[in-house]
Every structure is written in structure tokens, then in C-alpha cells.
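I opened this one to look through the sheet, the helix packing and the pockets. My notes follow in the order I looked things up.

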Amino acid sequence: MIEEILEDANDRMDKSVHALQVTFSKIRSGRANPALLDSVTVDYYGSDTPLKHIAGINVEEGRTLVISPYEKAILGAIEKAIFASDLGVTPANNGDVIRLALPPLTEENRRELKKHAKSEAEQTKVAIRNIRRQAIKDIKEVVKEKMSTEQEGHTGETDAQKLTDNHVHRIDELLAEKETDLMTI
């Protein structure tokens, strides 16, 4: 029973760390990254469709994203969606593809993005700790109902703390990587 609780906690912690990785991929660094456009949806024949489902997105020359729609007829709709997305980038439509030239980040922008990354990492650490607290509460409940011994309960609590420490360490590593990426010119 305790193993199941720890396994569930580990899965939930892994999901939290993965969500942080996805969030970090959307934080713009000095280079162009197709993940910047993951939140853009296009009105495609009456339904909002993610841009990556209706167009190919490639990086060109480090700071330029090239969007190649699978149908040329939707170029205008893609352009409108990018304007509406508030990315702070003006699309250049040449009739075949749309180019997004990302301006270089200023020192002030880099510092703000670094603060944002730290904030996201801290929120994920709080989520990890909440998962640990719930797991320990569940373990204590199992021991209280005599479904497990007190020694197994103490071992389970120690294992929950080890899981937490491992995931927090992984978050710190991801944050350090992102900060390095952001501050590299």
C-alpha cells in the first residue's frame, strides 16, 4: 500500500517537472524556438486549431522562425493569429511562407525572463512539496488503520522525502540551464 502511494507521488512529481520543462521551452531565449508558437491558434475552417497542426515551423539563421502552411490559402489567417497572440513580433508574409524575425533580447529583458523562470521553478517546487505532504498524510492514514506497520510508515515517509529531494534537485538543474540559456548572448 505504501509503495502505491509513493509510486503515485513519484508520477505526480514527474508530471510537475515535465510541465516546468514545457513552460521553460516557451520562455524566449536569445534563439528562435518553435515552442514559442505553441500557444497560437488559428481559425481554420471555423475551428481554433493549433498553428503547429496546420503549418510546418522551422528555425532559420538562429533568430528567425519560418512558418510554412500546408495550405497557402490560410496564410492570412495565420498572420492574423500571430498578430492577435501578442508575441511582440511582426510577421512578414511573402505569399508562400511567413517569417518571424525575433529581435535580440536586451539585458533588461533577459533579467525579467530570468525572474519569470525562477518564479515558475519556485511554483513547481511548491507543487512538489504539496505532493510530498499529501503522500505522507496518506502513509500516516495507512499506518493508523493498521494496514501497515509503524516502521514501514517511517520508511515510507523517508522515501517520500528522498523523492522530493530528487525532484527539487532536478528543478534546480533545469533552472540553472534556463538561466544560462537566457544570459548567453
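**Sheet**

I started at β5, which runs antiparallel to strand β6 (residues 98–101) and is joined to it by 3 bridges. Strands here are DSSP runs of E with at least two residues, helices are runs of H or I with at least four, and both are numbered from the N terminus. I count two strands as paired if DSSP finds at least two bridges between them. P91 sits opposite L100 in β6.

Housekeeping: this is a predicted model, so I note that local features need pLDDT of at least 70 and side-chain atom pairs count only at pLDDT 80 or more, while totals for chains, interfaces and linings use all residues. Residues are numbered from 1 along each chain as its sequence is written, and side-chain values use heavy atoms, with hydrogens and water left out.

Back to the sheet: I read it as open, with 4 strands in the order β3-β4-β6-β5 and antiparallel pairing. The edges are β3 (55–60) and β5 (91–93); each has a single partner strand, so one side of each lacks a neighbour in the sheet. From one strand to the next, the twist averages 25 degrees.

**Helices**

Next I checked the length of α4 (residues 107–144). Its 38 residues should span 56 Å at 1.5 Å a residue, and the end C-alpha atoms are 55 Å apart, which agrees. The expected span is 1.5 Å times one less than the number of residues. Just after α4, K146 has a positive phi of about 60 degrees.

Then packing. Axes are lines fitted to C-alpha atoms, for helices over the stretch in contact, and angles run from 0 to 180 degrees between N-to-C directions. I found α1 (residues 2–26) packed on α5 (residues 150–183) at about 10 degrees, with axes 10 Å apart. That makes α1 roughly parallel to α5 (under 35 degrees counts as such). Their contact residues divide into 11 nonpolar, 6 polar and 5 charged. Nonpolar means Ala, Val, Leu, Ile, Met, Phe, Trp, Tyr, Cys and Pro, charged means Asp, Glu, Lys and Arg, and the others, Gly among them, are polar.

α4 also packs on α5, at about 170 degrees with axes 10 Å apart. The two are therefore roughly antiparallel (over 145 degrees). Their contact has 13 nonpolar, 6 polar and 13 charged residues.

**Pocket**

What lines the largest pocket? I listed K26, R28, A35, L36, L37, S39, L65, L87, V89, L100 and L102. By class, that is 8 nonpolar, 1 polar and 2 charged. A pocket is an open set of points on a 1 Å grid over the protein atoms alone, where a 1.4 Å probe fits, with protein on both sides within 12 Å along at least five of seven lines; lining residues have an atom within 4 Å of a point. The largest pocket holds about 180 Å³ of space, a volume being the space filled by probe spheres set on the points, which are joined across faces, edges and corners.

Note on methods
Angles under 35 degrees count as roughly parallel, over 145 as roughly antiparallel, 65 to 115 as roughly perpendicular and the rest as oblique.
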